[in-house]
Amino acid sequence: MTSDVTHSLFYMLLARDRATAIHSRNVAKYAMTIGVALGLNSEDMKELYIAALLHDCGKVALPDKLLKTSRSYTRWEKQMMQQHVVIAKKLLVNLGFPKKIINGIYYHHERYDGMGYVEGLRGESIPFFARIIAIADVFDALTSKRPYRDPLSIQQAIDVLRESKGQFDEKLLDIFLRYINKSYAIL
């Protein structure tokens, strides 16, 4: 696996859906702040960055109708959207990406309380990178404009994350919220 392949996949995502690519870049930035705060070594930081940057790369195979809808998903559409992690896993396995990166991507929609998808993992059984990416993913989703809603303010997003603690690894969430509070001077 080379950085050329990673960048090629990112630019493929950018060409396919600019909003998803921008979101992915933001998620990578937020994930890196958690990694730095944890003191991850350089190899782990590199792999976390790749996993976060490519966390939604499976969306390249989803139809525009699904990616750009301005309404709530039907049950079938929600199931289709959830396949983006399965698609990403198949793609990255075939390209020879390390398991740690693939697992970070494949499991980033699992929830700490076990109510997520694809496999309903809970707590520490969710791979470490996936737990980091989940926090970064939700924060950026909340603070970004979506076809179906306007962005929340930083404070509103923080409030949502705090209210959703069962969804996330609390230790990682606390680290991230300290970074956000410091970066945005929120008391």
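1. Contact, as the word is used in this note, means heavy atoms within 4.5 Å. By that rule His-108 touches His-55, Asp-56, His-84, Val-85, Ala-130, Ile-133, Ala-134 and Asp-137, not counting residues up to four places away in sequence. The model is a predicted one, in which local features need pLDDT of at least 70 and side-chain atom pairs count only at pLDDT 80 or more, while totals for chains, interfaces and linings use all residues. Residues are numbered from 1 along each chain as its sequence is written, and side-chain values use heavy atoms, with hydrogens and water left out.

2. Where does His-108 lie? His-108 is found in the loop between helix H7 (99-106) and H8, where helices (H or I, at least four residues) and strands (E, at least two) are DSSP runs numbered from the N terminus. His-108 is buried, with a relative accessible area of 2%; buried means under 20% relative accessible area, exposed over 50%, and partly exposed in between, with a 1.4 Å probe and protein chains only. One of the residues it touches is Asp-137, and although His-108 and Asp-137 are 29 residues apart in sequence, they are 8.3 Å apart in space, C-alpha to C-alpha.

3. Helix H7 itself is mostly covered, since 6 of its 8 residues are buried, namely Ile-101, Ile-102, Asn-103, Gly-104, Ile-105 and Tyr-106. These buried residues pack against H3, helix H6 (84-94) and H8.

4. The axes of H6 and H7 come within 9 Å and cross at roughly 170°; axes are lines fitted to C-alpha atoms, for helices over the stretch in contact, and angles run from 0 to 180 degrees between N-to-C directions. H6 and H7 are therefore roughly antiparallel to each other, given that angles under 35 degrees count as roughly parallel, over 145 as roughly antiparallel, 65 to 115 as roughly perpendicular and the rest as oblique. Val-85, Val-86, Ala-88, Lys-89, Leu-92 and Val-93 in H6 meet Ile-102, Ile-105 and Tyr-106 in H7.

5. Lys-89 also lies over the face of Tyr-106, at 4.3 Å from the ring centre; a charge sits over a ring if NZ of Lys or CZ of Arg is within 6 Å of the ring centre and within 35 degrees of the ring normal.

6. The structure holds 7 aromatic pairs, where rings of Phe, Tyr and Trp (its six-membered ring) pair if their centres lie within 6.5 Å, and planes under 30 degrees apart count as stacked, over 60 as edge-to-face and the rest as tilted. Among them is the edge-to-face pair of Tyr-30 and Phe-176, with 5.7 Å centre to centre and 80° between the planes. This pair links distant parts of the chain, with Tyr-30 in helix H2 (residues 18-38) and Phe-176 in helix H10 (residues 170-183), 146 residues apart. Tyr-30 is buried, with a relative accessible area of 5%, and Phe-176 is buried as well, with a value of 0%. Tyr-106 and Tyr-107 form another edge-to-face pair, at 4.7 Å centre to centre and 80° between the planes, and both are buried.

7. Ring pairs also link Tyr-30, Phe-139, Phe-176 and Tyr-179 into a cluster.

8. Which residues does Arg-131 touch? Arg-131, found in helix H8 (residues 128-143), is buried, with a relative accessible area of 9%. Arg-131 touches Tyr-112, Gly-123, Glu-124, Ile-126, Asp-169 and Leu-172, again not counting residues up to four places away in sequence.
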